[in-house]
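Here is a friendly briefing to read alongside the model. Have the sequence and the 3D view open as you go.

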Amino acid sequence: MDERVRKYHPNPLNEANFLSKIFLNWISPLLSLGKERPLKDEDLYSPIADEESKLLTDQLEREWNKELKRQKPSLFNAMFRIHTLNLIAMTFLLAVEEFTKMSFPLLISRILRYFEGSATFNEALYFAIFIAAGVTVNCVVHHPYFLELTRIGMKMRLASSGLLYKKAFKLNMSGADNQLGGQLINMLSNDGTRVEYSVYFIPHLIIAPLQSSIIIFILAESIDISILSGLVIIFLAIPLQSFLGNVIDKLRRITAKKCDRRINFVNEIFNGIKIIKMYCWEEPFRKAVELLRGKEMKYQKKLFMVATFNGIVDLILPSAITFTSVTFFVFFANRPLTPSYIVLAMSYYMRISNSLGFFFIKAITTLIAAKVSIKRMQDFLLEKEIYKLNELSEADDPHIKVRNLKARWSHDVRSLTLNNITFEAHQGDLIAIIGSVGAGKSSLLTSLLDELKIISGDIDIKGSVFYVPQEPWIFTASLKQNILFGKAYDKRKFNEIIKVCCLEEVSDSQILNSLKNI
């Protein structure tokens with residue numbers, strides 16, 4: 001709600017040529033400016049057109065609406081369908097990078113043969129030139145590849161956050177029970193980040209098995225079949241790490257639910273803090289929060305223990321592979337163990353260990369975590385919405401008629417919030433609803449807006465309904481910004497509002513003209 005309008009600062013990426021994009025030269029002016037002085041908000045570039053949050057949200061919303069027409073809608077399919085072509089292109093770039101890296105151990109072993117006396121100097125020189133060319137190719141490919149994957153992940157996070165934000169304004173309060181507080185915050189922060197993070201490893205699902213198969217063939221043909229004994233360790237480690245990854249994801253899901261419950265409970269405490277302070281209930285509620293936090297930390301500790309054990313497996317895996325391979329080669333191979341063989345075998349084993357043991361497993365685990373997060377978002381998007389349109393309409397005989405209304409807030413609560421309520425209100429009537437705290441006065445008004453779970457009874461409304469809640473909605477901004485609420489400044493209308501709100505006194509005018517937040 002900041003009344004300052006940020007000026008459009010053209011992004012040089014829009015006008016950058018191919019070489020500038022490859023070598024990331026388009027961002028050099030900003031880096032040079034940051035070297036001279038601290039950067040300010042106005043120094044930052046405006047986002048490019050295809051990274052605007054509104055565009056990304058509308059794009060995902062169109063795909064989601066297509067999914068809603070199907071028997072089993074899938075937000076996962078809607079999100080990834082948008083970026084399928086880009087992910088295929090990134091998989092191709094990763095193949096170029098990985099297969100170039102895969103040639104390095106073979107070339108280095110050929111150079112080592114020169115020192116063993118089985119290759120000429122010119123051959124070794126050619127191999128060194130090929131390595132230099134391969135490193136250049138990797139430098140050119142790697143950074144644009146990773147930058148584009150980061151952009152794809154960011155787009156998916158922004159689009160999903162925008163869709164959740166729009167859904168929150170259309171939710172029925174009974175449908176949003178226990179979600180608008182803790183779970184929505186958790187989805188916007190944690191689940192959106194998991195979806196973004198999963199994109200970084202998706203291309204390895206295709207490249208890692210293909211690369212490992214080629215490496216196994218090269219090792220068997222170039223050295224000896226006994227050198228493949230290290231693969232046994234890898235094949236034993238992959239199911240173990242896959243199992244640990246599933247355990248980690250299961251613990252993460254449980255932890256997320258515990259976290260949702262705790263955040264929602266704390267939000268409810270903040271909403272009713274006046275009553276809690278009035279009745280001196282601070283200590284019981286503090287114990288309740290500590291109990292929920294303790295249950296959450298119980299699973300959090302288990303999660304860290306399993307993750308630590310998984311990290312230990314990653315650390316000892318290379319040493320175990322090396323020991324097994326060298327031992328079997330010495331005992332069963334009919335040739336001497338030369339440096340060229342050791343470098344070739346160990347380099348390729350490290351490559352397999354990274355491809356299958358890390359990136360492939362990481363791709364599976366992050367994708368599983370992303371599917372869990374997207375499923376949580378999907379369940380939220382499928383919640384019941386308010387079907388009444390918030391539009392003004394004229395009626396000949398405006399009225400509100402309620403007959404035998406029974407309603408409650410939550411599906412889990414058996415007791416009724418409203419029981420057998422019947423009344424009528426016609427044009428010109430002034431009706432006061434009285435009752436003790438918690439008797440259901442606000443709930444009755446909320447039921448007229450279709451935001452309460454109606455068990456039985458009828459509500460007939462003809463005309464327009466305007467609801468002013470008893471709690472003021474003031475956000476962190478100046479008083480002027482709270483009045484304008486993002487609208488353009490109209491002096492005549494603004495002065496009229498000031499007069500109606502009795503803010504014409506000198507002291508109030510000083511507050512009004514101040515830019516300090518309230």
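**Strands and their partners**

K401 stands opposite E424 in β2. This is a predicted model, in which local features need pLDDT of at least 70 and side-chain atom pairs count only at pLDDT 80 or more, while totals for chains, interfaces and linings use all residues. Residues are numbered from 1 along each chain as its sequence is written, and side-chain values use heavy atoms, leaving out hydrogens and water.

- Strand β1 (residues 399–408) runs antiparallel to strand β2 (residues 418–426), with six bridges joining them; strands pair if DSSP finds at least two bridges between them.
- Eight bridges also join β1 to strand β3 (residues 453–462), again antiparallel.
- R408 has K453 in β3 as its bridge partner.
- Strands (E, at least two residues) and helices (H or I, at least four) are DSSP runs, numbered from the N terminus.

**Annotated segments**

- The unreviewed UniProt entry places "transmembrane region" features at several stretches, including residues 197–219 and 303–332; such annotations may be inferred rather than shown by experiment.
- Residues 197–219 are 78% helix and 0% strand, with end C-alpha atoms 34 Å apart.
- Residues 303–332 are 100% helix and 0% strand, with end C-alpha atoms 43 Å apart.

**A helix pair**

- Helix α5 (residues 84–116) packs against helix α8 (residues 204–222) at an angle of about 20°, with their axes 10 Å apart.
- That makes the two helices, α5 and α8, roughly parallel (angles under 35 degrees).
- In α5, the residues meeting α8 include L94, F99 and M102; contact means heavy atoms within 4.5 Å.

Definitions and conventions:
Axes are lines fitted to C-alpha atoms, for helices over the stretch in contact, and angles run from 0 to 180 degrees between N-to-C directions. Angles under 35 degrees count as roughly parallel, over 145 as roughly antiparallel, 65 to 115 as roughly perpendicular and the rest as oblique.
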